Amino acid sequence: MIELFLSVLDFALPILVMIFVGLVGTSVLVELGLMQKISKLVSPIFAYTNLPETCASAFVVAIGSAVAANSMLFQAKKENCLNEREVMLCSMMNTTPAYFRELFTYQIPIVLPALGLVVGGFYSLVFVITAVFKILVVAVASKLFLKGDSCKAPETGNTEKVALKTALKRALKKEFRVFLKIAGVYLLATTIIFVLQEHGAFEIFSVLPLAELFKIPPETIVPLTSYVASPILGISLLGPMIHSGEITNVQAMIVLMLGSMFMLPIFAIRSQLPRKVAIFGTRLGIQIVAYSTAISIFVRLVVLLVLLGMVS
């Protein structure tokens, strides 16, 4: 039990720090009257959507931290600046900068050397396509379901210049109790996920039936199964098989897409769900994770069907 508790703390503490920074940082920006100025930096991206101005501010923060950005959305929702539908679409938009950031932190330094230029480049391209497709879905959904009554980034309501120290004190006083509530929910949700994982709840995502269905080479079962548990491990095992000619580039791409389709729900439940539930509440948090994950899986499925058409 103690070991489980320590594992939960080790996993959760860095995330809780980011949530705290997001809440307090947003409040400081509001006190200083800087939120509207920040949102103007990415206004061209949002020009063809009905997303509120507050969403643009959060998007800028998401380039550095999606958790901090979602904390900003929570703050706006708490102040009745955003409704649930707006929060959902804005939160989904906040996931897209991570795809481009990972090109330089994960794809280029790790994936390309391991899988080679062709397969590694293909894998990186799928990431970019997913991000672009998700942005398009959010943009279209905002036009269909939002009225376009942009909620402007909140301001302090007075014109006096607030010192940074004063703004920080006000923000800490205002957000500390909110953070404690979020932290409690997040630790509880993370503990539940860890307990389920220990009892093998995620083993239902077995890749073997689909591997047989798509008739991929038997030797790829190990890297495929490993990918679902750890993408880096699966890629490390798949790389030598590509370079030695044991499997073709297209077969390797099929394995990667199959592995992704099974890995994404596990990653969403294990990592994304506790964060979203802690910040947005159970119902809205689950909806955001479900829709965002479904879009990513859909892109992989379409790519997989194209690849299967190439080998049939």
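**Figure 1. Order of the elements.** The protein has 13 helices and zero strands. Helices (H or I, at least four residues) and strands (E, at least two) are DSSP runs, numbered from the N terminus. Residues are numbered from 1 along each chain as its sequence is written, and side-chain values use heavy atoms, without hydrogens and water. Local features need pLDDT of at least 70, side-chain atom pairs count only at pLDDT 80 or more, and totals for chains, interfaces and linings use all residues.

**Figure 2. Confidence along the protein.** The mean pLDDT (the predictor's confidence in each residue, from 0 to 100) is 83. A value of 70 or more is reached by 88% of the residues. Over residues 155–159 the pLDDT is below 50. Beyond near neighbours in sequence, this stretch has six contacts (heavy atoms within 4.5 Å) in the model. Where pLDDT is low, the predicted coordinates should not be read in detail.

Figure 3. Q107 is found in helix α7, residues 96–145. Is Q107 buried or exposed? Q107 counts as buried because its relative accessibility is 0%. Buried means under 20% relative accessible area, exposed over 50%, partly exposed in between (1.4 Å probe, protein chains only). Leaving aside neighbours within four places in sequence, Q107 is in contact with E102, L112, P113, Y123, S124 and F127. With S124, the link is a side-chain to side-chain polar contact at 3.1 Å. A polar contact is a pair of N or O atoms within 3.5 Å; within protein, one must be able to donate a hydrogen and the other to accept it, and residues adjacent in sequence count only if both atoms are side-chain atoms.
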